[in-house]
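Please keep the sequence and the model in view while reading.

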Amino acid sequence: MSRVHDMGGRWGDGPVLVDPNEPVFKEDWHGRALAVTLAAGALGQWNLDTSRHAREALGTKDYTRFSYYEKWISALADLLVAKGVVSREELATGRSAGGSPLAEKKLLAERVPAVLAKGGPSARDGAAPIYPVGARVKTRRPARNVWVEGGHTRLPAYASGVEGVILSQHRAHVLPDANAHGKGECPEPLYTVLFRAADLWGRAENAGDEVTLDLWESYLEPVA
Amino acid sequence: MRVKALETLLTEKGLVDPAALDAIIDIYQNQVGPQNGALVVAKAWADPVFKARLLADATEVVAELGFYGRQGEHITVVENTLERHNVIVCTLCSCYPWPLLGIPPGWYKSDAYRARVVREPRAVLAEFGVVLPEGQAVRVWDSTAEMRYLVLPMRPEGTEGMSVEELAALVTRDAMVGTGLATVPQ
C-alpha cells in the first residue's frame, strides 16, 4: 500500500556511511537546489505537505536512484508544471514564454531573513483531544490515505495496525492527508504515541527499547 | 546542470530573485547550524531552571534565544539519562530541527539511516562508535509530524565549573541527534 519513501524498518540498505568532513552543501548546486525550492515555495502555489507528496510521488526507480537534492529538483519541476507556474515546454526548452502573474509574489533578497525566521507553524485551533495520556490506542491498518487513493499520509507502514500508548498530547495540527491534496487543513489533535520496539519488529534489540511517532487522531482507534 | 536551467527559467519569468537564493544559502551555510543547538544544551547543563523550562516548552525557550523559524516551528527537547538514550530520525523524509542544527548531514537523509535506526538503533549507534549499556533503554523518535526533536545529551564528567561557552564546545551535532555522546574534555 505504501511507496518507496516509507522505508522504516526495511532490510538491505547496508551500513550508514558518514563523511566527517561533509560541508553543509557538498556541491554548489545543492545549495542552489535548496534555495530555489524555498523561493518557489514562497510563491504560495502549494504547501509543505504538497511538496512532500511530490517527492514521494517520484517513480520508485527514480526515488531510489536520485540523490537528495535531485529528488527536490525533480519534485519541484513536477510541481511547477502541475500548478501551471511554468509550462512543460518552458521546462523542456529552458526558455521563458513570457512573464508570470505570480511575479509580484517573488521572494526578494531583503525579505529572506524574515520569511525564514517566520516559518510556517502547523498548530491550529481545533477540537480537544479525545485520548488521554496513558490511553492504549491502535494505529490504522493498512497505513493508507482515506481521502485520496494512494495519497500522502504520515503513518509509516511499519507502525500500522500496532498497539501503543499515548505519551503526550499536542494541539490540533494541519492534517497532511487532506492538506497535501488541496482538501483543506482539516486540523486534528496530534499525539506522540509510544510503541514497544518488540511490538513493531517482533523482537527488539533490548526488551526496554521503544519507538515514538507523532500521529493524528484519525490514525488511531481505542483499544479496550 | 538542471538546477541552473530551472533557476534561469524562473528568473526570466520574474519568479525568482537570484540574490534571494544567495541570501538563503548564506543563512544555512554561515548562520544557522549546530552551534545554535549546542548553546541550548550548554545553557541547560549550566542552569537547572533553564533546563526545566526547556524540557517543558522548548519552542518558547529556544525562540527567546532567537532560534525559531522554518522546519523548527514546534520543538521538543528529550533528555538522555542513565536509564534512557534518545535518538532522532525521520523515516518518511528527513525532518530535522533546522533552526537548532541547520541542514541535516547526508547520513541523516540516507536510506540506510532512515530504514535501519528505527529497527536496530543499537547496531546503527555502534557504527557511530557509540555502545550503550544493556541497562540503558533506547527510545527512537520518528519525526512524522511538524514536531522537531533535539536530544539533550548527558553532561560529561569533569566539566564542573566550566562556562557556557566551554560547555557548548563539547556538544557535537551527533550528540544532539542521539548518534553521538557529548565530548569528554581531555
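In this predicted model, Glu185(A) forms a salt bridge with Arg124(A), and the closest N and O atoms of the pair are 2.7 Å apart. Because Glu185(A) lies in the loop between helix 7 (176–179) and strand 4 of chain A, while Arg124(A) belongs to strand 1 (residues 123–124) of chain A, the pair ties together parts that are 61 residues apart in sequence. Over all chains, the structure holds 24 salt bridges.

As background to both features, most residues other than glycine have a negative phi, and most peptide bonds are trans.

**Fold and domains of chain A**

Chain A has eight helices and six strands, and from the N terminus on its elements run α-α-α-α-α-α-β-β-β-α-β-α-β-β. Taken along the principal axes, the C-alpha atoms of chain A fill a box of roughly 60 × 45 × 35 Å.

The domain assignment divides chain A into domain 1 (28–118) and domain 2 (124–222), and the C-alpha centres of domain 1 of chain A and domain 2 of chain A lie 29 Å apart. To the contact, domain 1 of chain A gives six residues and domain 2 of chain A gives nine residues. About 590 Å² is buried between domain 1 of chain A and domain 2 of chain A, with 43% of it on carbon and sulfur atoms. Within domain 1 of chain A, the residues that lose the most area to domain 2 of chain A are Asp49(A), Arg52(A) and His53(A), which together make up 68% of what that side buries.

What kinds of polar link occur across the interface of domain 1 of chain A and domain 2 of chain A? The rule finds zero salt bridges there, whereas it does find three residue pairs in polar contact, both residues of each pair being at pLDDT 80 or more. By class, the side of domain 1 of chain A that touches domain 2 of chain A has no nonpolar, three polar and three charged residues.

**The contact of chain A with chain B**

Between chain A and chain B, 85 residues of chain A are in contact with 73 residues of chain B. The area buried between chain A and chain B is about 7000 Å², of which carbon and sulfur atoms give 61%. On the side of chain A, Val16(A), Arg32(A) and Glu205(A) lose the most area to chain B, and together they account for 10% of what that side buries.

The two interfaces are set out below with their like values.

| Interface | Buried area | Share on carbon and sulfur | Salt bridges | Residue pairs in polar contact |
|---|---|---|---|---|
| Domain 1 of chain A and domain 2 of chain A | about 590 Å² | 43% | zero salt bridges | three residue pairs |
| Chain A and chain B | about 7000 Å² | 61% | eight salt bridges | 38 residue pairs |

Among the salt bridges between the chains is that of Asp209(A) with Arg122(B), whose closest N and O atoms are 2.8 Å apart. The elements that give two or more residues to the side of chain A that touches chain B include helix 1 (28–41), helix 4 (68–82) and strand 5 (210–216) of chain A, and the largest share, nine residues, comes from helix 1 of chain A. By class, that side of chain A has 49 nonpolar, 21 polar and 15 charged residues.

Strand pairing also runs from one chain to the other, for strand 5 of chain A and strand 3 (residues 137–142) of chain B pair in the parallel sense over four bridges. Within this pairing, Val211(A) has Val140(B) in strand 3 of chain B as its bridge partner.

Note on methods
Residues numbered from 1 in each chain as written. Chains lettered and ligands numbered in written order. Predicted model: local features only at pLDDT ≥ 70, side-chain atom pairs only at ≥ 80, totals over all residues. Heavy atoms only, no water. Domains from an automatic or database assignment. Contact = heavy atoms within 4.5 Å. Buried area = accessible area lost by both parts, 1.4 Å probe. Salt bridge = Lys/Arg side-chain N within 4 Å of Asp/Glu carboxyl O. Polar contact = N/O pair within 3.5 Å; in protein donor to acceptor, adjacent residues only side chain to side chain. Nonpolar A, V, L, I, M, F, W, Y, C, P; charged D, E, K, R; others polar. Pairing = 2+ DSSP bridges.
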